[in-house]
Amino acid sequence: MRKRYAIKISGDGNLSGFLTKLVTIGTKITSLSVVDGVAYFQTDRSGLRAIRRNRRHYRLKVAISIANLESGSIGLFTSSRFLIACLIPFVASFFLWTVDVESDMPEVVDRIEQKLEKSSIVLLRPLALIPDEGEIRRELMLDDPALSWVRFRRVGTSLTIIPMLSPPTTNIIEENESPSHLVARTGGVITRFALEKGERVGHVHQTVKKGDVLATGILEQGDKTTVVGADGAVYADYWVEYTFTLPKKIKFQLQGEEIVNYSFNLPWKQQGKEGWSLGSFIETERYMEETAGHFELIEGMEETVIIPLLKNKLMSESFSKAIIKDEKVLHVTFDNDKVRGTILFLINDNIAEKRLIPKETEPIG
C-alpha cells in the first residue's frame with residue numbers, strides 16, 4: 001500500500017531555504033502552496049524521512065497527516081474480525097505509542113531521550129507504569145542543570161516532552177567583553193530607555209539619526225573618568241517602507257475534525273519478521289480533514305485583508321519583538337494576476353546596538 005502524506009511546514013525559521021534543500025536532494029513534492037508563511041504540500045515516505053532529518057536545522061515545525069489511505073478488505077469488519085477491530089484499539093489505548101521531545105537543539109533532544117530510555121519511558125510501555133509528571137520532571141532537571149523547567153503534553157497514548165532551557169549566564173562574557181557605547185542602528189524618535197549599564201545621551205521624544213550615541217559607556221565624576229561600558233535597550237518609533245507583491249488569487253486550507261483510520265496486518269502475512277506484536281498487527285493513522293479553496297484580492301481589501309496579511313508577515317520575518325503602531329498606504333495596484341504596492345509601517349523597537357569604545361577615548365560631550 002503506497003501512502004501519500006500531507007505536510008504543513010510552519011514556524012519562524014528559514015522556510016525558503018528548507019524547501020530549496022528538499023528540492024536539491026530530490027525530495028518528491030506535489031501540490032505545493034504557501035499561505036501566510038506556512039507551506040502545504042504532499043510527499044511520499046522517502047520525502048517524509050528527508051523532512052524529519054532536516055527540519056530542525058531550519059528551525060521549523062512540521063505537521064504530518066495522511067493524504068490518502070487505501071481501504072483494506074471489507075471482510076475484515078465482519079463476524080469475529082469486526083470484534084477484533086473493535087477490541088484491539090481499546091487494548092492499544094492502555095499503552096504508550098508515541099514519545100516525542102520537542103526542542104530546536106538536537107543535543108538537548110538526545111540527552112533527554114537517553115534519560116527517558118534509562119527510566120523505561122519507552123514505546124509500548126503500559127500507561128499505568130509511566131511515572132507521574134512531577135517525578136519525570138524531577139529526574140530530568142536533577143541530571144541536567146541547563147533545564148529551567150520541563151513541560152508535558154499528553155494526548156491519549158502520546159507523550160510530548162518540552163524542555164525549557166535556563167537563560168545563558170552572561171556574567172563571565174560581560175567581564176571579558178570590551179566596553180561599548182550604545183548607538184542607533186536606524187533613525188527614529190526615542191520613546192523610552194531600558195539601560196542595564198551606562199548613562200543616557202539624549203532624552204525621550206528626541207529625534208536621532210543612524211549612528212548617534214544613545215548611551216555612553218564612559219562615566220565622569222568631577223575630574224575622574226571611568227570606562228564601564230553601556231548595555232541595555234533604547235526603544236524608538238521609526239517608519240519602515242514595505243514594498244510587496246502578492247498573487248491576486250490566494251489559496252487557503254481549513255482544518256476540520258480529526259479522523260482516525262485503522263489498518264490491520266495479518267500475522268501470517270508478516271514476511272521476513274520474527275514473530276509479531278500488537279504494534280505490527282494494528283496501524284493507526286490520524287489526520288485532520290481539510291477543506292481547500294481560494295479567494296481573490298480585489299480593490300477595497302487594502303485595510304481588511306492586505307494590511308493585516310503584511311503585518312503578520314513583517315512581524316514574523318524581521319520584527320518578532322517589535323510593535324506596529326500605525327500604517328500608511330502609499331500606493332496599491334491591481335493587475336490581471338498580481339497585487340503590488342508600498343505600505344509605510346510605524347514600528348516601535350529597540351534601535352540600540354553596541355559600538356566599541358576606542359582604547360584612547362575622550363569624554364563624549
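**Entry 1: pocket lining**

I looked up the lining of the second largest pocket by residue class and found 11 nonpolar, 10 polar and five charged residues. I note that the model is predicted. For the volume of this second largest pocket I have about 680 Å³. Its lining is made of 26 residues, and those closest to the pocket centre are Val34, Asp36, Gly37, Val38 and Lys313.

Next I asked which elements supply the lining. At least two residues each come from H1, strand S2 (30-35), strand S15 (231-247), strand S16 (249-264) and helix H8 (302-317). I put H8 down as the source of the largest share, with six residues.

**Entry 2: H1 and H2**

Helix H1 (residues 15-24) packs with helix H2 (residues 45-54) at an angle of about 135 degrees, and I have their axes 11 Å apart. I therefore record H1 as oblique to H2. The crossing of the two helices is right-handed.

Which residues make the contact? On the H1 side I list Phe18, Lys21 and Leu22, and on the H2 side Ala50, Ile51 and Asn54. Sorted by class, I count four nonpolar, one polar and one charged residues in the contact of H1 with H2.

Note on methods
Residues numbered from 1 in each chain as written. Predicted model: local features only at pLDDT ≥ 70, side-chain atom pairs only at ≥ 80, totals over all residues. Heavy atoms only, no water. Axes fitted to C-alpha atoms, helices over the stretch in contact; angles between N-to-C directions. Helix = DSSP H or I, 4+ residues; strand = E, 2+ residues; numbered from the N terminus. Parallel < 35°, antiparallel > 145°, perpendicular 65-115°, else oblique. Left-handed = near helix turned anticlockwise from the far one by under 90°. Contact = heavy atoms within 4.5 Å. Nonpolar A, V, L, I, M, F, W, Y, C, P; charged D, E, K, R; others polar. 1 Å grid on protein atoms, 1.4 Å probe; cavity = no way out; pocket = protein on both sides within 12 Å on 5 of 7 lines; lining within 4 Å. Points joined across faces, edges and corners; volume = space filled by probe spheres on them.
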